[in-house]
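Here is a short report for a first look at a protein structure. Have the sequence and the model open while reading.

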Amino acid sequence: MATQKISKAPLTDQDIAIVRIAPEASFKNKAYDALKEAILKMDIYASPEPVMLDERALSEHLGVSRTPIREAIAMLEQDGFVKTVPRRGIVVVRKTKTEIVDMIRAWAALESMAARLITTTARKKDISALRNFFKDFNKDRLPQDHIEEYSKANIAFHQALISLSESPVLVDMTNDILLHVRGYRQLTIGRTDRTAVSLPEHLAIIEALEERDTELAEKRARDHTLGLATYVETHGQEIFT
């Protein structure tokens with residue numbers, strides 16, 4: 001018995017449920033991504049003065065019309081990154097002390113989970129590489145004598161912990177609060193009482209990770225960041241004074 005050959009008609013436009021992407025929509029999304037990335041890199045807590053965004057300057061800088069800029073700003077406002085203030089313009093949102101403390105506590109939970117994952121999945125050489133962030137600091141070269149340099153190492157270390165967990169979910173969750181937690185880490189790290197405990201605590205976390213002591217690494221990572229939350233809760237009002 002001969003096999004019957006079945007032929008298929010070519011797909012028509014009606015068969016494919018694809019909506020053409022409008023150029024404006026593409027520009028809007030690209031503007032949103034560019035502006036969000038720029039905001040996340042800002043140090044919005046370095047000064048008590050608000051960080052303002054200029055729609056016209058953004059349009060010129062990104063090389064697009066003001067329409068996708070306005071649409072991107074609306075998306076960022078919905079996400080809580082900016083807000084439009086009547087007669088003033090677009091301001092990057094800063095959190096209150098209470099909100100910051102809450103965010104730091106959330107970061108502590110996420111980072112402690114990252115530490116747990118690192119002890120079970122990360123390669124030995126990648127864990128040991130965390131020591132490189134602090135290789136230039138010791139009893140003869142104290143962090144408090146090189147605050148700007150140490151502050152950068154501090155932020156990079158905490159970001160590396162999250163990244164080393166190899167958990168896309170943890171990375172995504174911390175990205176949204178990184179702007180604010182990072183800002184307050186930078187503000188407080190220059191205070192002697194915080195700097196004095198920072199380096200030993202960082203090295204203790206790395207030591208627990210290297211030993212694959214899951215419970216200890218998780219606890220040290222959590223307690224270290226909760227210490228920042230307690231500090232901000234106690235001294236938050238005086239940070240800008």
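Predicted model: local features only at pLDDT ≥ 70, side-chain atom pairs only at ≥ 80, totals over all residues.

E148 is exposed, with a relative accessible area of 60%. Exposed means over 50% relative accessible area, buried under 20%, and partly exposed in between (1.4 Å probe, protein chains only). E148 sits in helix α6, residues 147-164.

Residues are numbered from 1 along each chain as its sequence is written, and side-chain values use heavy atoms, with hydrogens and water left out.

Helices (H or I, at least four residues) and strands (E, at least two) are DSSP runs, numbered from the N terminus. Two strands are listed here.

| Strand | Residues |
|---|---|
| β2 | 82-85 |
| β3 | 89-92 |

β2 and β3 run antiparallel and are joined by four bridges; strands pair if DSSP finds at least two bridges between them. The two form a hairpin with three residues between them. In the turn, R87 has a positive phi of about 65 degrees. V85 stands opposite G89 in β3.

Now the aromatic rings. Rings of Phe, Tyr and Trp (its six-membered ring) pair if their centres lie within 6.5 Å; planes under 30 degrees apart are stacked, over 60 edge-to-face, the rest tilted. The count is five aromatic pairs. F134 and Y150 have ring centres 6.0 Å apart and planes at 40 degrees, so this pair is tilted. F134 lies in the loop between α5 (124-128) and α6, and Y150 in helix α6, so the pair ties together parts 16 residues apart in sequence. Both F134 and Y150 are buried. Ring pairs link F133, F134, F137, Y150 and F157 into a cluster.
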